[in-house]
Every structure is written in structure tokens, then in C-alpha cells.
Amino acid sequence: MSSGEVNFYTVKAKALSGSNYREVYRSAMVIYGLIKRQTKRRPYIRSTYFDKQKVYFDYF
């Protein structure tokens, strides 16, 4: 990879928009609530950045 090349990762979710932290946090918590309701276990995603390791949302 050359120094001017930038890699982007594709995701299924749209970018969260907002003019401040409070607006973005509300949207993020709605999405987190949907994920949390789908499982009885601890919700997590597989990270693209860390060799597909699990990233837990407990500290979101």
C-alpha cells in the first residue's frame, strides 16, 4: 500500500448524522437497543480491524 492510498471498509449501516454528541448518542442507543433485543447473551460485532475478533457493547 502506498502512502497516498486510503482503504475503506464497507458496512451495512448508514453513517450517523448529528451536530453534537447528544444527537449521535441517541441514534446509537436506538441501534444498540435493537441489537440487544435480538439476543439473550452479550451483544457483540465482529471487528474488521482486529482479525474478526468479537467487540462487545457492554461499555457503549
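Student: Why is I45 called partly exposed?

Tutor: I45 has 38% relative accessibility, so it counts as partly exposed; buried means under 20% relative accessible area, exposed over 50%, and partly exposed in between (1.4 Å probe, protein chains only). This is a predicted model, where local features need pLDDT of at least 70, side-chain atom pairs count only at pLDDT 80 or more, and totals for chains, interfaces and linings use all residues. Residues are numbered from 1 along each chain as its sequence is written, and side-chain values use heavy atoms, with hydrogens and water left out.

Student: Where is I45 found?

Tutor: I45 is found in strand β1, residues 44-46. Helices (H or I, at least four residues) and strands (E, at least two) are DSSP runs, numbered from the N terminus.

Student: Which residues of α1 are buried, and what puts them on the same side?

Tutor: A28, Y32 and G33 are the buried ones. They cover an arc of only 150° around the axis, so they sit on the same side of α1; the arc is that of the directions from the helix axis to the C-beta atoms. On the other side of α1, R26, V30 and R37 are exposed.

Student: How much of the chain is buried?

Tutor: Buried residues make up 10% of its 60 residues.
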